[in-house]
There are 2 protein chains.
Amino acid sequence: MSRKGKLFIISGPSGVGKGTIMKALLPIMDGLKLSISTTTRPARRGEVDGREYYFVNDEEFDRLIAEERLLEWARVYSNRYGTPRDFVLDTLENGLDVILEIDIQGALKVKQKMPDGIFIFISPPRMEDLVTRLHGRGKDSELSIQTRYEACRSEMDHMKYYDYVVINDIIEDAVDRVRSIIVAERCRIDKTIEE
Amino acid sequence: MSRKGKLFIISGPSGVGKGTIMKALLPIMDGLKLSISTTTRPARRGEVDGREYYFVNDEEFDRLIAEERLLEWARVYSNRYGTPRDFVLDTLENGLDVILEIDIQGALKVKQKMPDGIFIFISPPRMEDLVTRLHGRGKDSELSIQTRYEACRSEMDHMKYYDYVVINDIIEDAVDRVRSIIVAERCRIDKTIEE
């Protein structure tokens, strides 16, 4: 009767508001463990090692890859991001659900290794809104925004590999939709035996 | 771009609390139309024709069957219950979601005709609780309760044909779970083309 945990993957174009959704979601969900990514990107002001990311240097990241301790990793712009494998597998084995917030490249790689994962695509309501949001947070150069806009257009094509799409129009609604997906998936009847 | 509606089927053992869940659910859900069943069962006190059921006599019910105007029908104890076909199909065609509250026999028949429906099984937390609830509502004889208890046991075997199971432990939680399933299914990416 020991139930294995379920893996939820929150993904979507950069700047779409994944982080904001996660921040609102985690305090209201029981039994859902956040997987913290490892990155070579320098910590931004206010970020804490082991909270937003595990911050490592390039040599350490190379070692994690060599030792196959990353479920996936990807280069985004000039930095690398990876998902620590052991935390995910151990937590699922212990019957707890795990949630990953990763970029689309990473999500597609996780899908190859964890096909039973539940893949949720966070989509901007309109492409224009993504640009406005990137401008608004004031962390990104004009070139970076343009690059991301183009990347986003092609990333939208990947939506078909996902199980759900959540349009991030109003943040409260988007959080409710993601929460609903998790609640619903926990009620889902496992048909792996019948089918 | 015209999206067809989705069909949700709420089902489970008699007396499990389906009606209570529906009553709490409908006012909080947009775009969800309740399918009213047709029955030969006499109206109980407080029931209104066209609200709880369409109440018809045996001859009228025979005619509905003959004219194939029922999506499914079933005999439960000494009465017949059926789902008016046109309302369901027309509403879905108009892009609105439809919800049916029917017994297990009926749900399995609907599944044959509408395999894309989303089938939600409402389960008692424990079998004992079902008996307590049937006693509590004071509408059922001891024999009727015993009959239902036995029926419930065998009905639980049908759970595997459903997509979701919602345990009706605390009513607010059960309503939240059913609502979550509907919200989640509306976010689901249609894979019928890819697969």
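Two residues count as in contact if their C-beta atoms, placed from the backbone, lie within 7 Å. Keep that cut-off handy for the exercises below, and remember that this is a predicted model.

**Exercise 1. The interface**

Work out how many residues of chain A are in contact with chain B, and which elements of chain A supply them.

Solution. 
- Start with the count: 17 residues of chain A are in contact with 17 residues of chain B.
- Next, look for elements that give at least two residues to the side of chain A that touches chain B: these are strand 9 (164-167) and helix 7 (171-187) of chain A.
- Helix 7 of chain A has the largest share of that side, with seven residues.
- Finally, sort that side of chain A by residue class, and you get ten nonpolar, one polar and six charged.

**Exercise 2. Two helices in chain A**

Describe how helix 1 (residues 18-25) of chain A packs against helix 7 of chain A.

Solution. 
- Two packed helices are described by the angle between their axes and the distance between the axes.
- Here the angle is about 65° and the axes of helix 1 and helix 7 of chain A are 9 Å apart.
- Angles of 65 to 115 degrees count as roughly perpendicular, so helix 1 of chain A is roughly perpendicular to helix 7 of chain A.
- The crossing of these two helices of chain A is right-handed.
- On the helix 1 side of chain A the meeting residues are Thr20(A), Ile21(A), Ala24(A) and Leu25(A); helix 7 of chain A answers with Ile171(A), Ala174(A), Val175(A), Val178(A) and Arg179(A).
- By class, this contact has seven nonpolar residues, one polar and one charged.

**Exercise 3. The five-stranded sheet of chain A**

Give the strand order of the open five-stranded sheet in chain A, then pick out its edges.

Solution. 
- The order is 2-7-1-8-9 in chain A, and the pairing is parallel.
- Strand 2 (32-34) and strand 9 of chain A are the edge strands, as each pairs on one side only.
- From one strand to the next, the twist averages 25°.
- Zoom in on one pair: strand 1 (residues 7-11) and strand 8 (residues 118-123) of chain A run parallel and are joined by four bridges. Phe8(A) has Ile118(A) in strand 8 of chain A as its bridge partner.
- Helix 3 (residues 85-93) of chain A packs on this sheet, where it touches strand 1, strand 2 and strand 7 (97-101) of chain A. The direction of helix 3 of chain A makes about 150° with that of strand 7 of chain A.

**Exercise 4. The four-stranded sheet of chain B**

Do the strand order again, this time for the open sheet of four strands in chain B.

Solution. 
- The order reads 4-3-6-5 in chain B, with mixed pairing.
- Strand 4 (53-55) and strand 5 (70-76) of chain B each have a single partner strand, so one side of each is left without a neighbour in the sheet.
- Strand 3 (residues 37-39) of chain B pairs with strand 4 of chain B in the parallel sense, over three bridges. Among the bridge partners, Ser37(B) goes with Tyr53(B) in strand 4 of chain B.

Note on methods:
Residues are numbered from 1 along each chain as its sequence is written. Chains are lettered from A and ligands numbered from 1 in the order in which they are written. This is a predicted model: local features need pLDDT of at least 70, side-chain atom pairs count only at pLDDT 80 or more; totals for chains, interfaces and linings use all residues. Ala, Val, Leu, Ile, Met, Phe, Trp, Tyr, Cys and Pro count as nonpolar, Asp, Glu, Lys and Arg as charged, and the others, Gly among them, as polar. Axes are lines fitted to C-alpha atoms, for helices over the stretch in contact, and angles run from 0 to 180 degrees between N-to-C directions. Angles under 35 degrees count as roughly parallel, over 145 as roughly antiparallel, 65 to 115 as roughly perpendicular and the rest as oblique. A crossing is left-handed if the near helix is turned anticlockwise from the far one by less than a right angle, and right-handed if clockwise. Two strands pair if DSSP finds at least two bridges between them.
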